[in-house]
Amino acid sequence: MLQLLTKKSSNSLRLQKTKILISKYKNCKFSTKPSSAAAVVEKQDEENVMSPPISLLNQRVSTSEASGNASFILSQLNSLPEKDAIQRPLDFAVLRNVSELDDSPLPFEEVPGPFILKLWEKYWKYVPLFGTQLIRSVLINRLTEGRLQWNRNVTPIRYLFDEYGPVVKLKGPFAGDIVLIHRPEHIQKVFNEENDYATRSAIDILQHYRLNYRKYRFAGPYSAQETQGLQWLKIKKSLEMPIKKQINNQFAKLEITCDELLQRIRLMKNRQDEVSGNFNQELLRWGMESFWIILLNKKLGYLESTGYSETSEASRFIDALSTAHLYMSRCETGFQVWRFMETPFSKKLFNSCDVIDETIEKYIRIFQSSRLHESPSNYNKNENICSSITENLLVDHSMNPDEVSTLLMDMIILGVQAAVNSQAFLLYFLAKNPRVQKRLFNEIISKTKDYPILNKETLEKMPYLDACIKECLRIRPPFPYLTRLLPKDIILHGYKIPKGTYLIMANQITSMREENFEDPEKFKPERWLQNDDSFSAYSYLPFGKGLRSCMGENIAKLEMMLLTAKIIRNFRVEYEYSEICSRFLMMNVPNRPLRFRFVERD
Ligand code: HEM
């Protein structure tokens, strides 16, 4: 009883202290300098502050959470009636004793973030099951106390920004601390510091597949291996020209591939002009066929009738690619038991990766047996001999077949899928915005009336088409986050972020905020046609930025322009069903079947 009474009185003492704290805050002149709540709190009796006036706190707060640090308490105070007066991270700053303010950055420890991780940390450090992807998804969902579901793309991260401000720290017991940002000026600062060893977070399961399962030496550009250094950048730089050349040289083949897809649409449509739900697979076939044309200089018949037989290489490859995508995502999120033993998911993933790998290897062997006996000098004499990027990698860069195979597989699993899903979203946005579609149709007709065959120059004269693609990638970038390992200490929002911290730059959130784009939810391609430099280049980064930016940007844009122009010139695209949103399967993918109507134009 006595204990209870003491507890009660100490609680009211804490309540009083908290109120004093709030009134101090209210009376204090607003300072723009960042400061720290912790500094104020340090002055309090630690015991008192560490056990907050729970009755005052939001219902969600459990006692164990409440026994946390000062940031936690103050963040919970924001849900008190006084919350209008107290804002989030800036408030922590304002609460510091004014006399202590100076220009020096605040220590990393004071970056706000969910506290509950601190409790779990003790347990986690003995269970090395966690990878970067986990931190991004499961963990964040857990932190949001069950209000958000798994694989819900950017929602959990948006929640964290709303809760903690523009710079949020996640204590990563195993993978290291992670800092989340979304403001363009912060993102710009990170890219300004980038050096030749720019490192992204890896897709761990793919790295595991290459290094441990296949025993390759090269883990691919989406790994955190040494390839992330100068060697990769050298290869990447030297491929810029060949890719450009290849896009120009292979334009006619890419166009034929689009025509084949149009034929497939005509075959697939039912009486209501509607294609079946697995139209995404058709787009995947188009994406793969286009990829092979550029990378192998070959049409492999993915959209030809032979390619549809169940036993065909094309069908097996497309199945493997879809399966790999699904299980890669499942392995990366959740408990990563595959780190210790084969699991049903990792088995399915590896089997599909084997199919992809073996197909790529087959074409590499065909190339080797037909060309490698020629002397390298021949390649220089006749430019056409090195007619595909794959040959270029093998011959000019002396990459070994395993390395080439790994690189192509990364490009396929992530790059081709990104282009295909973006194309799917673009058709959806056009279907849902008939006025935009009409304007696009008019542009296509006006630019092609004298030239029934599209060419690259004609496409370049279609600014509205380009704007539609940009707008689609703004609202649904395939990759909603960019990541970098900080090469040196930087100051963000007044906090010192140390070298070696992983930064997650939430680029989808950036481009969906009102302060960066007016009416961000609306599909308004027109915004890209205004000579408006009011938005920062760093508020829209669907292809990333800097040395590690997307290598397939030109390929993807051209493929999308070509196919969209062809489809819109031939069909009016409609969609009658519920809204198609995105779900996160290592990238944004449509969450519903693509049951478009393709109505033939007169
Ligand atoms: C709409 C389609 C695409 C989008 C939006 C996209 C976006 C991205 C993004 C955001 C990155 C990471 C950039 C960074 O960290 O700064 C990336 C990297 C990469 N992308 Fe793409 N991509 C697309 C299509 C493609 C295609 C078709 C290919 C290949 C044919 C490709 C190949 C690559 C490669 C190899 C990298 C790694 C580059 C490096 O690490 O240096 N991408 N892409």
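A polar contact here is a pair of N or O atoms within 3.5 Å. Keep that cut-off in mind as we go into the ligand site of this predicted model.

Start with arginine 200: an N or O atom in its side chain sits 2.5 Å from an oxygen atom of the ligand, so the pair falls within the 3.5 Å limit and makes a polar contact. For arginine 484, a polar side-chain atom is 2.7 Å from an oxygen atom of the ligand. Where do the surrounding residues come from? Helix 12 (230-249), helix 19, strand 3 (482-485) and helix 24 (553-570) each give two or more residues to the shell. Helix 19 supplies the largest share, with five residues.

Now step back to the whole shell. It holds 26 residues, and the closest are Arg200, Lys236, Arg484, Arg548 and Cys550. Sorted by class, that makes 16 nonpolar, five polar and five charged residues around the ligand.

Is glutamate 403 buried or exposed? Its relative accessible area is 14%, so it counts as buried, the cut-off being under 20%. Leaving aside residues up to four places away in sequence, glutamate 403 touches Arg217 and Phe218.

Last stop, strand 1 (residues 167-170). It runs antiparallel to strand 2 (residues 178-181), and four bridges join the two. Valine 167 stands opposite isoleucine 181 in strand 2. Both faces of strand 1 are covered: Val167 and Lys169 are buried on one side, Val168 and Leu170 on the other.

Methods: Residues are numbered from 1 along each chain as its sequence is written. This is a predicted model: local features need pLDDT of at least 70, side-chain atom pairs count only at pLDDT 80 or more; totals for chains, interfaces and linings use all residues. Side-chain values use heavy atoms; hydrogens and water are left out. Buried means under 20% relative accessible area, exposed over 50%, partly exposed in between (1.4 Å probe, protein chains only). Contact means heavy atoms within 4.5 Å. Two strands pair if DSSP finds at least two bridges between them. A residue is near a molecule or strand if one of its heavy atoms lies within 4 Å of it. A polar contact is a pair of N or O atoms within 3.5 Å; within protein, one must be able to donate a hydrogen and the other to accept it, and residues adjacent in sequence count only if both atoms are side-chain atoms. Ala, Val, Leu, Ile, Met, Phe, Trp, Tyr, Cys and Pro count as nonpolar, Asp, Glu, Lys and Arg as charged, and the others, Gly among them, as polar.
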